[in-house]
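This report describes a single protein chain, moving from one residue to its surroundings and then to the fold as a whole. Please consult the sequence and the model displayed here while reading.

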Amino acid sequence: MNDFTVVTHQDTDRTVITVHGDMDLQTCPELARAALGVQPSGKPLFLDLSGVSFMDSSGLNLLVLLRRRLLAEGGLLAVTGLQSQPVRLLQLTETYDLFAADTSAAAGSDQALTV
């Protein structure tokens, strides 16, 4: 059984969603519900995946859809703390640069970013 947790923290200048556990078909709906509650209002959403050691295509699809939604609503997605397997998935699917570009664009904040 996968221990999966999603914690949302809203500051005045950003929202941070911290994820722990595998991002897969079984767990992504919980993260999707948390992300739907975020209203971008021009603020970046930091998705801290430092606690995610495995991501499948469901997780990748969720990241792409979330990025698309936030951009359409004037927000920004910054994916941080990627471990080796999720990085490899993004590289293999040639989506890594989508999230690296978003992360560097949000680098003006005081939070350290790693991709």
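Which residues does Leu-31 touch, not counting residues up to four places away in sequence? In this predicted model, Leu-31 touches Phe-4, Val-6, Ile-17, Val-19, Met-23, Leu-47 and Leu-62. Leu-31 is found in helix α1. Its relative accessibility is 2%, and because buried means under 20%, Leu-31 counts as buried. The C-alpha atoms of Leu-31 and Thr-5 are separated by 8.6 Å, although these two residues stand 26 residues apart along the chain.

**The chain as a whole**

The secondary structure comprises four helices and four strands. Along the sequence these elements follow the pattern β-β-α-β-α-β-α-α. Of the 115 residues in the chain, 46% are buried. Among contacts with a separation of 6 or more, 70% are made by residues 24 or more positions apart.

**The sheet**

The four strands form an open sheet in the order β1-β2-β3-β4, and their pairing is mixed. Strands β1 (5-10) and β4 (76-80) are the edge strands, each of which pairs on one side only. Neighbouring strands of this sheet are turned by 15° against each other on average, direction ignored. In general, the strands of a sheet pair through backbone hydrogen bonds, in either a parallel or an antiparallel arrangement.

Strand β3 has parallel pairings with β2 and with β4. The following table sets out both pairings, with residue pairs that stand opposite each other.

| Strand pair | Sense | Bridges | Residues opposite each other |
|---|---|---|---|
| β2 and β3 | parallel | five | Thr-15 and Leu-45 |
| β3 and β4 | parallel | five | Pro-44 and Leu-76 |

Strand β2 covers residues 15-20 and strand β3 covers residues 44-51. Within the pairing of these strands, Leu-47 in β3 is the bridge partner of Ile-17. Six of the eight residues of β3 are buried, and this strand is therefore largely enclosed by the rest of the structure.

**Helix α2**

Helix α2 (residues 57-72) lies across β3 and β4 and runs at about 145° to β4. The helix has 16 residues and reaches 22 Å from its first C-alpha to its last, close to the 22 Å expected at 1.5 Å a residue. At the start of α2, a side-chain oxygen of Asp-56 comes to within 2.8 Å of the backbone nitrogen of Ser-58. The helix is followed by Gly-74, whose phi is positive, near 85°. Buried residues in α2 include the leucines Leu-60, Leu-62, Leu-63, Leu-66 and Leu-70. Ser-58, Gly-59, Arg-67 and Arg-69 in this helix are also buried.

**The nonpolar core**

How many residues belong to the largest nonpolar core, and which have the most contacts inside it? This core has 27 residues, and those with the most contacts inside it are Ile-17, Val-19, Met-23, Leu-31, Leu-47, Leu-49 and Leu-63. At least two residues of the core are supplied by each of β2, α1 (28-36), β3, α2, β4 and α3 (84-92). The largest share, five residues, comes from α2.

Not counting residues up to four places away in sequence, Met-23 touches Phe-4, Cys-28, Leu-31, Leu-49, Val-52, Phe-54, Met-55, Asp-56, Gly-59 and Leu-63.

**The loop between α3 and α4**

Is Glu-94 buried or exposed? At 73% relative accessibility, Glu-94 counts as exposed because the cut-off for that class is over 50%. Glu-94 lies in the loop between α3 and α4 (96-105). The phi of Glu-94 is near 55°, a positive value in a residue other than glycine.

Definitions and conventions: Residues numbered from 1 in each chain as written. Predicted model: local features only at pLDDT ≥ 70, side-chain atom pairs only at ≥ 80, totals over all residues. Heavy atoms only, no water. Pairing = 2+ DSSP bridges. Axes fitted to C-alpha atoms, helices over the stretch in contact; angles between N-to-C directions. Contact = heavy atoms within 4.5 Å. Expected span 1.5 Å × (residues − 1). Buried < 20%, exposed > 50% of the residue type's maximum accessible area, 1.4 Å probe, protein only. Polar contact = N/O pair within 3.5 Å; in protein donor to acceptor, adjacent residues only side chain to side chain. Core = buried A, V, L, I, M, F, W, Y, C linked by side-chain atoms within 4.5 Å.
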